[in-house]
Amino acid sequence: MVMVILTFLSVLPAIVIFYNLTNTNVAERIRELSTVKVLGFHNREVTLYIYRKTIVLSFVGIVSGLFSGRSCIKSSWR
């Protein structure tokens, strides 16, 4: 039961971070996205463009977090 609660409490901030990351990405690139729309891209293509960057950044964060967390655990056991 404790693991379920801890898992939920770790997933909840991740969802908030993904949402914030996507909003920040769109807000910073609103002019670029408008230009892409004017050039004839469909809504789905623009949406995939946004989500692709979010997924790549999330993957990089997960991988670097796993490695840094593992090294922190190893150093604390010494």
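Helix α2 passes helix α3 in a right-handed crossing, where right-handed means the near helix is turned clockwise from the far one by less than a right angle, and left-handed means anticlockwise. The contact there is made by Glu32, Leu33, Val36 and Lys37 of α2, together with Asn43, Val46, Tyr49 and Ile50 of α3 (contact means heavy atoms within 4.5 Å). Sorted by class, that contact has five nonpolar, one polar and two charged residues. Here Ala, Val, Leu, Ile, Met, Phe, Trp, Tyr, Cys and Pro count as nonpolar, Asp, Glu, Lys and Arg as charged, and the others, Gly among them, as polar.

A quick word on what you're looking at: this is a predicted model, in which local features need pLDDT of at least 70, side-chain atom pairs count only at pLDDT 80 or more, and totals for chains, interfaces and linings use all residues. Residues are numbered from 1 along each chain as its sequence is written, and side-chain values use heavy atoms, with hydrogens and water left out.

The chain has three helices and zero strands, where helices (H or I, at least four residues) and strands (E, at least two) are DSSP runs numbered from the N terminus.

| Pair | Angle | Axis distance |
|---|---|---|
| α1 and α3 | about 130 degrees | 10 Å |
| α2 and α3 | roughly 150 degrees | within 10 Å |

Axes are lines fitted to C-alpha atoms, for helices over the stretch in contact, and angles run from 0 to 180 degrees between N-to-C directions. The α2 angle makes that helix roughly antiparallel to α3, while α1 and α3 are oblique to each other; under 35 degrees counts as roughly parallel, over 145 as roughly antiparallel, 65 to 115 as roughly perpendicular and the rest as oblique.

The α1 and α3 crossing is right-handed too. Phe18, Leu21, Thr22, Asn25 and Val26 of α1 meet Ile50, Tyr51, Lys53, Thr54, Leu57 and Ser58 of α3.

As for overall shape, the chain has a radius of gyration of 18 Å, whereas a compact globule of 78 residues would have one near 12 Å (taken over C-alpha atoms; the globule rule is 2.2 Å times the number of residues to the power 0.38).

On confidence, the chain averages a pLDDT of 86, a per-residue score from 0 to 100.

How values were computed. pLDDT is the predictor's confidence in each residue, from 0 to 100.
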